[in-house]
Amino acid sequence: MSDDNHLKNNPNSSGPSRRAVLAGGTALTASLFAPKFLQAADFPTAEVNTTGLAVTDDTVTIGILHSITGTMAISETGSVQAEKLAIDQINAQGGILGRKIEYIQEDGASDWPTFAEKARKLLVNDKVASVMGCWTSASRKAVLPVFEQNNGFLYYPTFYEGLEQSPNVIYTGQEATQQIIAGLDWVVRERGAESFYLLGSDYIWPRTSNKIARKHIEDFLGLKVVGEEYYPLGHTQFNSVINKIRLRKPDVIYAIVVGGSNVAFYKQLKAAGIDMTQEDPLLLTISVTEDEIRGIGGENIEGAYACMKYFQSLDNPNNIAFVKAFKEMWGEDMVIGDVTQAAYLGPWLWKAAVEKAGSFDVDKVREASPGIELQSAPEGYVRIHENHHLWSKTRVGKAQADGQYEVVFETAELVEPDPFPEGYQ
Amino acid sequence: MTRTRFMRLDEWIGFAILALVIFVLLPAALDDFRLNLFGKYLTYAFVAIGLVLCWGAGGILSLGQGVFFGLGGYCMAMFLKLEASTPENTAIQSTPGIPDFMDWNQLTALPAWWEPFYSLPFTLLAVIMVPVLLAGFIGFAMFSRRVGGVYFAIITQAIAAIMTILIIGQQGFTGGVNGITDLRTLHGWDIRTNEAKTTLYFVNGVLLFACLFIAQYIRKSKLGRVLIAMRDQEDRVRFSGYDVANFKVFIFCVGAAMAGMGGAMFTLQVGFMSPTLVGIVPSIEMVIFCAVGGRLSILGAVYGALLVNWSKTVLSESFPELWLFGLGGLFIAVVMFFPNGLAGIYNDYVEPHIKALFGRGKPERSDEVAAPAVETPPSGGPAQPTARPAAQIPPAGTPAQ
């Protein structure tokens, strides 16, 4: 196994965190309470805000920038809900540096120029102290120059292709190697897989992810890729690739199909008689969370494996409290996927960084961010790496007919984020 | 009997008011951020002016103007991207010196057809000529076969869809869904600063007026009258010995050139170009700008582009979850109650009062709206000199013959 090269240990996660803000537990807020409330009076506005951000004596304003209309709304709504939940919980504990968080929500409308326009509006006009936002890589790429030019601070929740490390972004989702390598190692070790068929939707994230997967399979594991194919976003005819899969008989179908195409893909796979519960071939995906299963239908994807860092079914006190609070706020029938959880981390990570820095100024928050840790994350302990990504565990879940995943594997240690992986370019 | 003067007094006044709005009022009233937004809206006005010529005057409804807008924008973006992709800026890549998205897609050398875009003069030429050549090709293929009206609209829409798929599919060469992003300088001039954006806004305004004058000139020339005749009675024009197809190709190319210019200005002011500006939805939106402004009025088109985009911004900022309904309501209201858009409202409700105010016995007709029935009676019947123009214009819903 070449795990050792990629799964670096988490050297030092013990000991109380610097401000001891994130210890202990309460029923509602997943063990997030401050031992002593920080009073605004201890932090005069003139001192915590030297750069003209929207901070008053009792409030601080942040931005929420997701698509709530258009094709991406279905995916991004969960992120908005999680961020609002986190903000409510933080406010219920007394806010940040004694200030309540207020938010200005803008709609990116699934349109990348609109994202750039709204990002500029939030930073230049509203002077927000930070922004929780974006989902697709395209929207992030569109806003990135805006954030760098105006020195804004973005918490980006989605697992993505890596190859990026902006001083103005904290990536709370996994970059590609964190999501791919441990999953491939698992399927080889536990299921003895030897041949892989890679397929995905045709854009940067699936292509980059499959590039990394192929390098890992061929160069590090010494195994075989028997096919690699891409389909346009929204493609719904997968019969030809399903025929090729039957012909070449790979041990593993490695699928990175996104959005509406997922529904067609899994239904057609089932209709073609490929029963995923038999694991012949086994299907491993990195693009289907609980949110997508709602559209696909649990019975159509039962038996498939997904490699994520978070599943709603995770059994730990943090997550149980988080799921409960989320459902109380947004309704019993809600499901929580990987990205939703990552979005939930954004406000908490920002709070911790601001409190460590003792300031809302972006430069100071940026400086304080590396090393920030959350004991209370629903996924378990996470910590911000110097490269602005999170140390987090990788997990493999098996899809159940009820639309949930059963966790079958998790890495023993936190996986180090590596947005520019050497040997995988 | 026909007026050949370039502009009447009231048209000069209309131009002057628009110039006042664009060059004085908006810059004085808005901060840098909002002014930049209006600069972005005005890039759509280029397309809308082209549509007034093609659709309002020529009767050619194109649902694919986004293609030309996008081509112009991509040409400019390629130049800016090459300038931004210096070996120093891209040192982290496997192949330094090529645009970042090429590196992500395992390209190891710059494709040959990107090379010319190192040159600014070539790029500026390409911004106009690439859309024009494509429009010329489509135009010749369609119009010489007498494909027109709804069929032409459908074909342009298909081209918009094809172009999007092509750009997304060839992501190693085009940046795919992400588009071409992170553009920085134009010949060493940082286009991201507020000063640069303000300068670009004024450059944009000047170019827009150049297009407006060209459009005005075309409409007032013999060519313009042939176009209107063609729109209303294509066969008569053909039987009179005109080559209808050539006129159509020409005006379609003019519209494409203007859209290309708009796209290039968009790239400069917004800082990136992506396939979301090329496809069917933006193309139809551009027709809506034109319809809201009044498809017969070039000034109306500019106001339409400004009004629709400004409402989009304001509504979505105030009601992030409901704004689309507001926008939809606006379109429905315009189409139902004001089929000639803002320009129609002006002609029907404002202009008579102004006339009354001055108490002049000016001619009834106004060719701010180039009312076809007055200039060339369509059915051979007598012109009705006292009827209001709006009543004589085909309803907006049935534009193409």
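**A cis peptide bond and the strands beside it**

Tutor: P281(A) sits in the loop that links helix 9 to strand 9 of chain A; helices (H or I, at least four residues) and strands (E, at least two) are DSSP runs numbered from the N terminus. The model is a predicted one, in which local features require pLDDT of at least 70 and side-chain atom pairs count only at pLDDT 80 or more, while totals for chains, interfaces and linings use all residues. Residues are numbered from 1 along each chain as its sequence is written, and chains are lettered from A and ligands numbered from 1 in the order in which they are written.

The bond that joins D280(A) to P281(A) is cis, its omega being near 0°. Most peptide bonds are trans, and most residues other than glycine have a negative phi.

The pairing of strand 9 (residues 282–285) of chain A brings in strand 8 of chain A: four bridges join these two strands, which run parallel. Two strands are taken to pair if DSSP finds at least two bridges between them. L282(A) in strand 9 is the bridge partner of V252(A). From strand 8 the chain passes through helix 9 (residues 261–271) to strand 9 of chain A, and this β-α-β crossover is right-handed, a term that applies if, with the strands pointing away from the viewer, the path from the first strand over the helix to the second runs clockwise.

Strand 8 of chain A also pairs with strand 6 (residues 195–201) of chain A, through five bridges and in parallel. Here F196(A) is the residue opposite V252(A).

How enclosed is strand 8 of chain A? Strand 8 (residues 252–256) is largely enclosed by the rest of the structure, because five of its five residues are buried. A residue is buried if 20 or more other C-beta atoms lie within 10 Å of its own, exposed if 12 or fewer, and partly exposed in between, with C-beta atoms placed from the backbone. In a regular strand the side chains alternate between the two faces of the sheet. In strand 8 of chain A, V252(A), Y254(A) and I256(A) point one way, I253(A) and A255(A) point the other way, and all are buried.

K249(A) lies in the loop between helix 8 (239–248) and strand 8 of chain A. K249(A) is not a glycine, yet its phi is positive, near 45°. With 11 C-beta neighbours inside 10 Å, K249(A) counts as exposed.

A positive phi, of about 55°, also occurs at A109(A), again not a glycine. A109(A) is placed in the loop between strand 2 and helix 4 of chain A. Its 24 C-beta neighbours inside 10 Å make A109(A) buried.

In total, 32 residues of chain A are in contact with 30 residues of chain B, where contact means that the C-beta atoms of two residues, placed from the backbone, lie within 7 Å. Strand 2 (100–107), helix 4 (112–125), helix 5 (137–150) and helix 7 (204–220) of chain A each supply at least two residues of the side that touches chain B. Helix 4 of chain A gives the most, with eight residues. The residues on this side of chain A comprise 15 nonpolar, seven polar and 10 charged; Ala, Val, Leu, Ile, Met, Phe, Trp, Tyr, Cys and Pro count as nonpolar, Asp, Glu, Lys and Arg as charged, and the others, Gly among them, as polar.

The domain assignment of chain A gives domain 1 (8–174 + 313–392) and domain 2 (176–308 + 398–410), with bounds that come from an automatic or database domain assignment. Taken over C-alpha atoms, the centres of domain 1 and domain 2 of chain A are separated by 30 Å. Their contact takes 17 residues from domain 1 and 18 residues from domain 2 of chain A. On the domain 1 side, the elements that give two or more residues are helix 3 (73–92) and helix 13 (338–357) of chain A.

The mean pLDDT of chain A is 89, and 91% of its residues reach 70 or more; pLDDT is the predictor's confidence in each residue, from 0 to 100. Among the elements of chain A, helix 1 (residues 3–6) has the lowest mean pLDDT (41), and strand 4 (residues 154–156) the highest (98). Over residues 1–35 of chain A the pLDDT is below 50, and this stretch has 61 contacts in the model beyond near neighbours in sequence.
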